[in-house]
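Take a look at the structure first, then read on.

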Amino acid sequence: MRNKKRTTIYDIAKKLNIAASSVSRALNNSGNINETTRKLILKTADDLNYKRNIIASNLRKGESKTIGVVVPYINQNYFANVIAGIEEVSYQKGYNLIICQSNESQDKEIQCINTLINQHVDCIVISISVDTYDHKHLQNVLDNNIELIQFDRVADELETLKVLNDNELASFEAVSHMIERGYKRIALLEGPQNLDIFRQRKSGYLNALREHKMPILDELIIENAWTKELGADATRKLLNLPQPPDAIFASTSDFSALGVLEVASAMGIKVPTELGICGYSNEAFTEITSPSITTIDQFSIYMGKTVANLYFQEMENKDDTDVVPKIISIKPKLIVRSSTQKNGKHHFA
């Protein structure tokens with residue numbers, strides 16, 4: 001059976017019958033050591049397949065050069081792109097990532113945070129789960145003197161670096177677009193209201209209706225329709241109303257919008273002439289559905305790069321005790337596609 005134990009400097013020292021400190025100096029090319037001995041140590045290290053423990057080395061310097069990232073889902077295009085943006089900048093700075101997913105569970109999110117703290121990461125980047133109501137675990141990050149950066153879904157009361165989207169403006173523009181395309185009864189699929197982003201998106205929806213002198217109807221606002229399955233359930237409920245909506249704004253995600261589209265198709269309702277659909281996040285599949293789905297691009301890769309750059313800028317200014325926590329807001333963009341072209345206009349944003 002293969003020996004899985006990593007070779008250490010003590011194994012090399014024992015093999016050569018010399019002090020471990022001599023091995024360390026040779027491997028780090030530091031201190032006075034005989035050239036012949038140094039070459040022998042390097043050859044022995046190679047023969048024994050010695051690999052330097054970078055993490056331990058960095059920790060001795062007071063840093064791990066590692067950033068922990070916690071997201072609800074790794075396999076959603078939006079979060080995957082944010083991670084890609086963080087990684088691109090971090091790699092250039094010589095940092096590694098440890099990526100965890102909460103699966104929308106506060107208990108798992110707490111477990112992820114504790115794991116990352118125990119890994120001595122230098123920074124934790126997080127978008128909190130829909131199930132997260134208590135933020136003691138995030139305060140614990142700060143109490144351990146680990147930089148905390150929140151993005152997209154954040155705990156507002158914690159004074160940390162934050163990178164956000166202007167969710168209220170994006171929703172206002174999406175609903176205004178549907179009104180201008182001729183839709184008159186626009187329903188809202190909203191996310192859990194404990195999360196600020198979903199409260200902001202609802203506010204944008206309500207502001208657009210008020211701005212265009214449209215009635216606000218409680219029967220057209222469905223709570224907690226934030227997954228494909230919940231979006232589908234909400235759509236069945238809405239389309240079976242005595243006066244069903246002629247458009248649905250899935251403000252939670254494109255997955256919810258996909259649930260809307262599938263139910264409409266199954267019921268023989270024509271999109272976009274009989275029902276307009278708008279999603280949120282610009283997932284890759286929205287371009288290839290039939291019809292393609294109008295959505296909101298959150299510039300996820302740019303958001304990830306912004307998160308990472310914010311951390312490294314903060315590290316450069318860490319000796320400045322007067323630095324105020326930064327909040328960066330990124331303006332999303334409405335991407336107009338076929339699912340909202342009720343009146344036949346094909347003006348694409």
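## Strand S1 and its partners

Val69 stands opposite Val125 in strand S3 (residues 123–126). Four bridges join S1 to S3, and the two run parallel. Strands pair if DSSP finds at least two bridges between them. Helices (H or I, at least four residues) and strands (E, at least two) are DSSP runs, numbered from the N terminus.

S1 also joins strand S2 (residues 96–101), through six bridges and again in parallel. Here Gly68 stands opposite Ile98. S1, helix H5 (residues 77–92) and S2 make a right-handed β-α-β unit. Right-handed means that, with the strands pointing away from the viewer, the path from the first strand over the helix to the second runs clockwise.

## How the model is read

This is a predicted model: local features need pLDDT of at least 70, side-chain atom pairs count only at pLDDT 80 or more, and totals for chains, interfaces and linings use all residues. Residues are numbered from 1 along each chain as its sequence is written, and side-chain values use heavy atoms, without hydrogens and water.

## Burial of S1

Six of the six residues of S1 (residues 66–71) are buried, so the strand is largely enclosed by the rest of the structure. Buried means under 20% relative accessible area (1.4 Å probe, protein chains only). Both faces are covered. Thr66, Gly68 and Val70 lie on one side, with Ile67, Val69 and Val71 on the other.

## Helices H1 and H3

Ile12, Lys15 and Leu16 in H1 meet Leu40, Ile41, Thr44 and Ala45 in H3. Contact means heavy atoms within 4.5 Å.

Definitions and conventions
Buried < 20%, exposed > 50% of the residue type's maximum accessible area, 1.4 Å probe, protein only.
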